[in-house]
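Please keep the sequence and the coordinates open while reading.

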Amino acid sequence: MSKEILYMAPVRGITDLIYRNTFAKHFGGIDIAMTPFLTTVKGDQIKPSQVEEFIPANNSIPIIPQIIGKSAANFIVLAKTLSDLGNEHVNWNLGCPHPTMTRKKCGS
């Protein structure tokens, strides 16, 4: 029988690096954390203030960075950037129903 995997859902502005590490220290039980999404609108740019957030070694819980955007080319560039930081997986969020994303044709 396979082990159930418990994912921490991403909540923008809440489940950042500090939250994830604090949660792991005091509660545990999470196997993988999905990060709040990065947008491909700026291509491969990750704000310098966000880089630490996406370095796996800085996280107490294994992470899967989440990307949102409508450009496959920009997705590939951003995924490569995240891979260069040491991430083995990324998630392309193609179904965000938030009006801000759907107006930009980035979600559902």
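The structure holds three salt bridges, and the model in which they are found is a predicted one.

**Salt bridges**

- Lysine 3 pairs with aspartate 31, and the closest N and O atoms of this salt bridge lie 2.9 Å apart. The two residues belong to distant parts of the chain, since lysine 3 sits in the segment before E1 and aspartate 31 in the loop between H1 and E2, 28 residues apart.
- Within that pair, lysine 3 is exposed, having a relative accessible area of 61%, whereas aspartate 31 is partly exposed at 24%.
- Arginine 20 forms a salt bridge with glutamate 53, with 3.1 Å between the closest N and O atoms. This pair, too, links distant parts of the chain: arginine 20 is in helix H1, while glutamate 53 is in the loop between helix H2 (48-51) and E4, 33 residues apart.
- Are arginine 20 and glutamate 53 buried or exposed? Arginine 20 has a relative accessible area of 1% and is buried, and glutamate 53, with a relative accessible area of 17%, is buried as well; the cut-off applied here is under 20%.
- Lysine 80 forms a salt bridge with aspartate 84, the closest N and O atoms being 2.8 Å apart. Because lysine 80 and aspartate 84 are four residues apart in helix H3, about one helical turn separates them.

**The sheet**

- Three strands make up an open sheet in the order E1-E2-E4, and their pairing is parallel. Strand E1 (7-8) and strand E4 (63-64) stand at the edges with a single partner strand each, so one side of each has no neighbour in the sheet.
- Strand E2 (residues 32-34) runs parallel to E4 and is joined to E4 by two bridges. Alanine 33 has isoleucine 63 in E4 as its bridge partner.

**Helix H3**

- Helix H3 (residues 72-84) has 13 residues, which at 1.5 Å a residue should span 18 Å, and this agrees with the 18 Å between its end C-alpha atoms.
- Which residues of H3 are buried? They are Phe75, Leu78, Ala79 and Leu82, and, seen down the axis of H3, the buried residues fall within an arc of 105°, so they line one face of the helix.
- Residues three or four places apart in an α-helix point the same way, because there are 3.6 residues a turn.
- On the other side of H3, Ala73, Ile76 and Asp84 are exposed. For aspartate 84, which is also the salt-bridge partner of lysine 80, the relative accessibility is 55%, so aspartate 84 counts as exposed.

**Surface patch and a contact between loop residues**

- Val11, Ile14 and Tyr19 make a nonpolar surface patch of about 240 Å². Of these residues, tyrosine 19 is found in helix H1 (residues 17-26), and its relative accessibility of 34% makes tyrosine 19 count as partly exposed.
- Glycine 86 is found in the loop between H3 and strand E6 (91-93), and at 42% relative accessibility glycine 86 counts as partly exposed.
- How many residues apart in sequence are glycine 86 and proline 56? They are 30 residues apart in sequence, while in space the distance from C-alpha to C-alpha is 6.3 Å.

Conventions
Residues numbered from 1 in each chain as written. Predicted model: local features only at pLDDT ≥ 70, side-chain atom pairs only at ≥ 80, totals over all residues. Heavy atoms only, no water. Pairing = 2+ DSSP bridges. Patch = residues over 30% accessible without salt bridge, like charges linked within 9 Å, V, L, I, M, F, W, Y side chains within 5 Å. Areas by Shrake-Rupley, 256 points an atom, 1.4 Å probe, with all protein chains shown as cover. Salt bridge = Lys/Arg side-chain N within 4 Å of Asp/Glu carboxyl O. Buried < 20%, exposed > 50% of the residue type's maximum accessible area, 1.4 Å probe, protein only. Expected span 1.5 Å × (residues − 1). Arc of directions from axis to C-beta.
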